[in-house]
Amino acid sequence: MPTAMEIYKLLPKKNCGECKFPTCLAFAMQLANQKVALEACPYVSPEAKAALEESGAPPIRLMTFGTGDMAVKVGDETQLFRHDKTFYNPTVIGLIADDSSGSQGIKDGVALVKSLSFERVGQNIRVNSIAIRHSTGDPKEFLEGVKHASSEGLPMVLMTEDPGLMGETSVAWPKRPLLYRATPANFDAMIEVAKRSSCPLVIGGAATLDELSQLSERAKKAGVTDLVLEPVQGTCAQLLESMTVVRRAAVKKHFRPLGYPTISVLGSSDLDKGRATIGVAKYSSIVLMDELSRGFVFPLMVLRQNIFTDPQVPIQVKPGLYKVGEPNEKSPVMFTTNFSLTYFTVRADIEKSKMPAWLLVIDTEGQSVMTAFAAGKLTPESVTEAIEKEKVKDVSKRNEIVIPGMVSRMSGKLNELSGMKVIVGSRESSGIPKMIKSFSG
Ligand code: SF4
């Protein structure tokens, strides 16, 4: 975002007050702090507006492909390091289905992508995209592949460097596919396809980042701004270097020609798995692979989830009284905090025991048991308050509560305040299955 003085220089300086601020400088200061919109001034010239929008744009352009609920967003990142603030748009992971695998191969690929989804700490994480690659040399095969895949609604990447074929298959395109790719060899013709279709376009095949930035500038001058860059990938080290240089140039130097999302197109070898992992960790906005086995892609998605959660906001579940299984009035009551990872770990360990139970989740602002206890957010008072609020004594007639072993120190006071018998449970959640079996249901 430009400074107040930079904005002020571009304003009309009429000091008319129509923007509800007495002077243009006051308005510029509010604009710099993103408290008002530029539209509040009716006298800004089109040139000044364009200049301000350009300088106020995020360092990495936001781009979407696909439509509806399944559309994916990439780019719009502002940080080099996640711990400085947060990363916003998780790397899109996709499977490449080759048209040489025939209709059944494409259908199998789509079915695989749809099956690669699971829930972790209350969030659904999944593989997001399918790419159809032309390799047979037969346009009909590519068209058929695109038709089969597009009916499923997944965000799609269309992979052919033949601009004529890309354009011809547009009758079968799903909404807003990502076109892969414009290279120095087909540049102008592929730019025309992207322009005609208003679809985002990958630019790649450049030998250096300098050449890649020149190509992105040419695309922008031609009116195509929804771009994805494919820097030179090579080895793991080269991928890491090129992705880091692109991110650094965009975020730290505000170098617009490299301020776009990035893509890594990989095979299925162990080296490719290493490169995919680096891509997720370091700045690939999209990672496409020839093969996605569950054993590889599930940990990759967990890595992605960890990197793209806001480090300043713990993932939380709603405080309350939860059923694990089908508990009744003889079932035990346990408590934990509303830090998602703690809640889901404890819940999974109770489920392992096959014993139904009541799980009371205390609001600790997303902190884990020990952190919340040390910070005074998990106290006998707060637990007693939750017991009363959730009417725990009405649902379980045992008049007992099992507390985490790590907070055994609160047992006396909790007994006194709640009137319930306090049982000190295991120190680790993994001890719950053994401990809970001592309760008769
Ligand atoms: Fe200045 Fe525009 Fe506000 Fe008038 S409306 S004071 S010209 S910024």
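**Figure 1. Arg61 and Asp226 form a salt bridge, with closest N and O atoms 3.0 Å apart.** A salt bridge here is a side-chain nitrogen of Lys or Arg within 4 Å of a carboxyl oxygen of Asp or Glu. Arg61 sits in the loop between α3 (46–56) and β1 (63–65), and Asp226 in the loop between α8 (209–221) and β10 (227–229), so the pair ties together parts 165 residues apart in sequence. The model is predicted: local features need pLDDT of at least 70, side-chain atom pairs count only at pLDDT 80 or more, and totals for chains, interfaces and linings use all residues. Residues are numbered from 1 along each chain as its sequence is written, and side-chain values use heavy atoms, with hydrogens and water left out. Helices (H or I, at least four residues) and strands (E, at least two) are DSSP runs, numbered from the N terminus. Arg61 counts as partly exposed because its relative accessibility is 33%. The classes are buried (under 20% relative accessible area), exposed (over 50%) and partly exposed (in between), with a 1.4 Å probe and protein chains only.

**Figure 2. Asp226 also pairs with Arg176.** The closest N and O atoms of the Arg176–Asp226 salt bridge are 2.7 Å apart. This pair links distant parts of the chain: Arg176 is in the loop between α6 (163–168) and β8 (178–182), Asp226 in the loop between α8 and β10, 50 residues apart. Arg176 is partly exposed, at a relative accessible area of 22%. Side chains of opposite charge can pair when their charged atoms come close.

**Figure 3. Glu152 and Lys114 meet through their side chains in a salt bridge.** The N to O distance is 2.9 Å. Glu152 lies in the loop between α5 (139–150) and β7 (156–159), while Lys114 belongs to helix α4 (residues 102–115), so the pair ties together parts 38 residues apart in sequence. Both ends are partly exposed: Glu152 has 33% relative accessibility, and Lys114 has 42%. The structure holds 15 salt bridges.

**Figure 4. Helix α14 (residues 380–389) has buried residues Pro380, Val383, Thr384, Ala386 and Ile387.** They cover an arc of only 160° around the axis, which puts them on the same side of α14. The arc is that of the directions from the helix axis to the C-beta atoms. An α-helix has 3.6 residues a turn, so residues three or four places apart point the same way. The cover over the buried residues of α14 includes β14 (333–337), β15 (357–362), α15 (392–395), β16 (400–403) and α16 (411–418). Glu385, Glu388 and Lys389 are exposed, on the face of α14 turned away from its buried side. Just after α14, Lys391 takes a positive phi of about 50°.

**Figure 5. Arg275 is a buried residue, with a relative accessible area of 12%.** Arg275 lies in helix α10 (residues 270–281). Contact means heavy atoms within 4.5 Å. Leaving aside neighbours within four places in sequence, Arg275 is in contact with Gln233, Gly234, Thr235, Cys236, Leu239 and Leu266.

**Figure 6. Leu292 is a buried loop residue, with a relative accessible area of 4%.** The loop runs between β12 (286–289) and α11 (294–307). Beyond neighbours within four places in sequence, Leu292 is in contact with Ile93, Gly94, Leu95, Leu112, Leu116, Val127 and Val297. The C-alpha atoms of Leu292 and Gly267 are separated by 9.8 Å, with the two residues 25 apart along the chain.

**Figure 7. Met5, Leu25 and Met29 form a nonpolar patch on the surface.** Together they have about 270 Å² of accessible area. Patches are made of residues with over 30% relative accessible area and no salt bridge; like charges are joined within 9 Å, nonpolar side chains (Val, Leu, Ile, Met, Phe, Trp, Tyr) within 5 Å. Areas come from the Shrake-Rupley method with a 1.4 Å probe; for residues, only the protein chains shown count as cover. Met29 is found in helix α2 (residues 24–32). At 44% relative accessibility, Met29 is partly exposed.
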